[in-house]
Amino acid sequence: MASRYLEPRIERRSRAEMTRWQAQRLREQVRHATAHSPFYRRKFKAAGVDPAKVRTLDDLGRLPFTTKDELKENQAARPPWGDLLAVPFEEVLRIHMTSATTGRPLAFLDTREDWYGFYHSYARSLYAYGVRRSDMVMAAFSYGPWIGYWSGFYAAQDLGCLVFPAGGLSTDQRIDALLTYPITVLGCTPSYALFLAEHAARKGIDLAKDTKIRITWHTGEPGASIPATRARIETAFGARAYDLPGLTEIAAWGFECDARAGLVHVHEDYCYPEVLDDEGRPVGPGGRGELVFTSLYRKAMPLIRYRTRDVVQVADRKCPCGRTLIAVEGGVLGRLDDMKKVRGIIVYPRRIEELVRVHAGVDEFQVVFRRLEGLDDVLVRIDPSPLLAAAERDGLRQLLDEELRTGLGVRVTVEMAEPGSLPRWDHKARRVKDERTEVPF
Ligand SMILES: [Zn+2]
């Protein structure tokens with residue numbers, strides 16, 4: 001029987017061996033950053049730490065954190081790359097940009113080796129979903145400096161798959177390709193998967209029946225780890241949908257496997273994860289905290305203790321697939337930056353999506369945090385399916401009102417919009433607005 005692991009020696013490595021490997025990589029990386037990155041030299045000095053004393057994984061806690069704001073400030077102060085760059089400029093091969101909602105995006109550079117490491121660990125994820133070289137793959141991300149398209153494309157090619165380059169194509173052209181060629185695997189954001197399915201349905205095309213897609217994978221947003229959203233995607237494509245969390249600055253760091261046990265494995269040989277509580281202490285199995293990564297591989301921009309702002313829960317059970325890689329429960333549970341306080345209660349928009357998407361009558365939705373008569377209020381706008389009769393729409397509104405109130409523990413106003421009136425998203429969605437903090441312009 002063919003192996004279910006691309007790299008069994010890494011994916012099933014014993015804990016002792018993995019720790020040894022990580023500690024050795026960590027020492028090398030800290031040495032490299034200290035020797036070649038003025039940014040890190042300055043940082044270590046300011047924190048009063050001697051990087052040479054970092055010998056084991058436990059010593060990592062001596063080093064200061066790195067934040068995205070710091071990197072952005074560094075690039076703004078020393079344009080265009082900042083002085084984080086730890087290799088001569090002629091050694092860099094790739095540039096990618098993070099998606100930015102405000103200000104200039106962060107530019108991220110990689111050497112040839114760095115780039116190989118990025119897409120090769122990504123390939124390991126695709127293999128874990130069941131993608132093989134006999135598959136034909138479409139990476140339906142936008143062609144541009146966002147890493148999503150390139151890493152998906154190179155990863156599939158690394159496995160030997162035939163890859164259909166769909167970066168610059170319109171949705172109609174992509175649907176046409178899916179109907180014409182034996183494309184069996186599709187990668188895109190979860191919002192785009194739903195958009196694509198709706199668009200096809202409007203043209204009378206049933207993607208589940210009319211295409212050969214058997215696996216879809218989703219990145220850029222956590223949708224595929226939200227059971228109701230995943231179920232919708234799976235039904236629309238008649239395929240198995242997988243979540244691939246990642247970030248440009250570190251890696252496509254995690255993957256669900258074909259055991260589908262609700263766990264996301266971490267490529268911990270490639271990027272070392274810490275999960276820390278709000279006082280910076282590591283949480284144990286079952287604990288929740290912020291995911292912090294140290295890049296064990298990338299040399300051009302070697303990030304150390306990089307705060308992802310993603311909240312995860314460390315698994316306290318083994319995955320039936322037999323991998324020994326550290327796993328987190330259910331993927332990224334929320335972003336610290338997206339966390340909202342409503343009358344003192346913490347609300348993550350992801351939770352709202354979980355509650356809303358279970359209803360087949362909901363085509364799209366939008367969330368507005370606002371002030372109503374001096375009090376915080378959550379407005380949830382629903383774009384109902386055109387198939388619902390007026391009475392059914394009203395019933396759905398009441399039901400959602402109750403479920404959201406109970407599920408979130410705060411008062412919620414549910415509003416029914418006209419079918420098809422809310423925006424659809426062909427990349428990452430922006431369904432959430434906070435009118436309490438945003439300055440109107
Ligand atoms: Zn597994």
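1. Are Cys257 and Cys321 buried or exposed? Both Cys257 and Cys321 are buried, where buried stands for under 20% relative accessible area and exposed for over 50%, with partly exposed in between (1.4 Å probe, protein chains only).

2. This is a predicted model, in which local features need pLDDT of at least 70 and side-chain atom pairs count only at pLDDT 80 or more, whereas totals for chains, interfaces and linings use all residues. Residues are numbered from 1 along each chain as its sequence is written, and side-chain values use heavy atoms, with hydrogens and water left out.

3. The zinc ion is coordinated at 2.1 to 2.3 Å by Cys257 (SG), His265 (NE2), Cys319 (SG) and Cys321 (SG); donors are N, O and S atoms within 2.8 Å of the metal (3.2 Å for Na, K and Ca), and because water is not among the atoms, sites may look incomplete. The four donor atoms subtend angles of 104 to 117°, so the arrangement is tetrahedral, a label that requires all angles to lie between 85 and 135 degrees.

4. Along the chain, the zinc donors follow the spacing C-x7-H-x53-C-x1-C. Cys257, in the loop between strands E8 (254–255) and E9 (263–266), and Cys321, in the loop between strands E12 (306–313) and E13 (327–329), link distant parts of the chain, 64 residues apart; strands here are DSSP runs (E, at least two residues), numbered from the N terminus.

5. Elsewhere, four strands form an open sheet with mixed pairing, in the order E19-E18-E17-E20, where two strands pair if DSSP finds at least two bridges between them. Strands E19 (412–416) and E20 (432–434) stand at the edges with a single partner strand each, so one side of each is left without a neighbour in the sheet.

Definitions and conventions: Tetrahedral: all angles 85-135°; square planar, octahedral: opposite > 155°, others 65-115°.
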